[in-house]
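Visitor: I'm new to this one. Could you take me through a single part up close, and take your time over it?

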Amino acid sequence: MQVVLQALVPVFVLIMLGHVLRRINFPGGDFWPQAERFTYYILFPSMLVFKLGQARLPASAYADTALLILSMLAVMTLAIVLVQLFWRWSGPVFSSVYQGAIRFNSYVGLAAGGMLLGDDGLSLTAIAVAIMVPSLNLLCILMFSVVAGQDKVSIAQVLKAIATNPLIGGSVLGVVWSYFEIGFHPLLAGTLEPLSNLALPMGLMTVGAGLQLSALRGASAPFLVSSALKLLVFPLIAVGLAWVLGLNGLLVQVAVLLATLPTATSAYILARQLGGDAPLMAGIISGQTLLAMVSIPLMLSILW
């Protein structure tokens, strides 16, 4: 527990620092939205290429990661649907509950993976992220089309969004770089390494800057159920599936870590654009990020 806390406390300190700086309007203007774009399109892809490009993971790691991650998403989707049969929320509310219970914040995951599990853990986390991001986008779009009557988004648009996602692009390029053992020229390494070092702290601060704590007023049943599913049930599902599939070691630690993460900030944009309950989604994102400060160390100390 002490080791987990020592690694995770800096993660949450940086998140809260970003929130405080945004609240006092420092450094001012539209710095934080632009910092988020810079982190998303430049810093994180650079880090993924650099870290993954140096990794030497066995070929079996990729297949095992895909099997476990996709199984987790399938079982969790089934669990959320079963919960909906009991609560019978409206389509927009359920779509936000679904996103809140199954999506994850990749910035926090990559930062925590690197701090807790080292470079090998960060590399495996990046591979898992590259699998989860397109899978979750497809699942969430499908769920919106079923429960919210959304018919404005075509499969072609979804596939284009996935193909142009910089996190996926950086992960794929890093895997290719690693597989062919290309290596990094000192000049290239000298450029990518400082960008890589800047990615995690800047990414965490932009997460904090995006928190909307005012959305937490009057916490509702959908918020509580979604948060319980995401922060407590999902990690248990990850451990159970790993046991059923006969997997162990670093991969299971990565899967549990990803399952414990709060939901993604991008879920708010999707809810707003596709007919979900956007205010509820904002509350779920902010509330889970705060609750995760307690739940992540607790669940990791129990399940690792």
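Guide: Helix 3 passes helix 10 in a right-handed crossing, that is, with the near helix turned clockwise from the far one by less than a right angle. Helices here are DSSP runs of H or I with at least four residues, numbered from the N terminus. This is a predicted model, where local features need pLDDT of at least 70, side-chain atom pairs count only at pLDDT 80 or more, and totals for chains, interfaces and linings use all residues. Residues are numbered from 1 along each chain as its sequence is written, and side-chain values use heavy atoms, leaving out hydrogens and water.

Back to our pair: the axes of helix 3 (residues 59-87) and helix 10 (residues 250-260) come within 11 Å and cross at roughly 30 degrees. Those axes are lines fitted to C-alpha atoms over the stretch in contact, with angles from 0 to 180 degrees between N-to-C directions. The two helices are therefore roughly parallel to each other, the word for angles under 35 degrees.

Who meets whom? On the helix 3 side it's Asp64, Thr65, Leu68, Ile69 and Met72, and they meet Leu251, Ala255, Leu258 and Ala259 of helix 10; contact means heavy atoms within 4.5 Å. Sorted by type, the contact residues are seven nonpolar, one polar and one charged. Nonpolar covers Ala, Val, Leu, Ile, Met, Phe, Trp, Tyr, Cys and Pro, charged covers Asp, Glu, Lys and Arg, and polar takes the others, Gly among them.

Met72 and Leu258 turn up again in the largest nonpolar core: of its 96 residues, they, Leu110 and Leu116 touch the most other members. Such a core joins buried Ala, Val, Leu, Ile, Met, Phe, Trp, Tyr and Cys residues through side-chain atoms within 4.5 Å, buried being under 20% relative accessible area with a 1.4 Å probe, protein chains only.

Note on methods
Buried < 20%, exposed > 50% of the residue type's maximum accessible area, 1.4 Å probe, protein only. Parallel < 35°, antiparallel > 145°, perpendicular 65-115°, else oblique.
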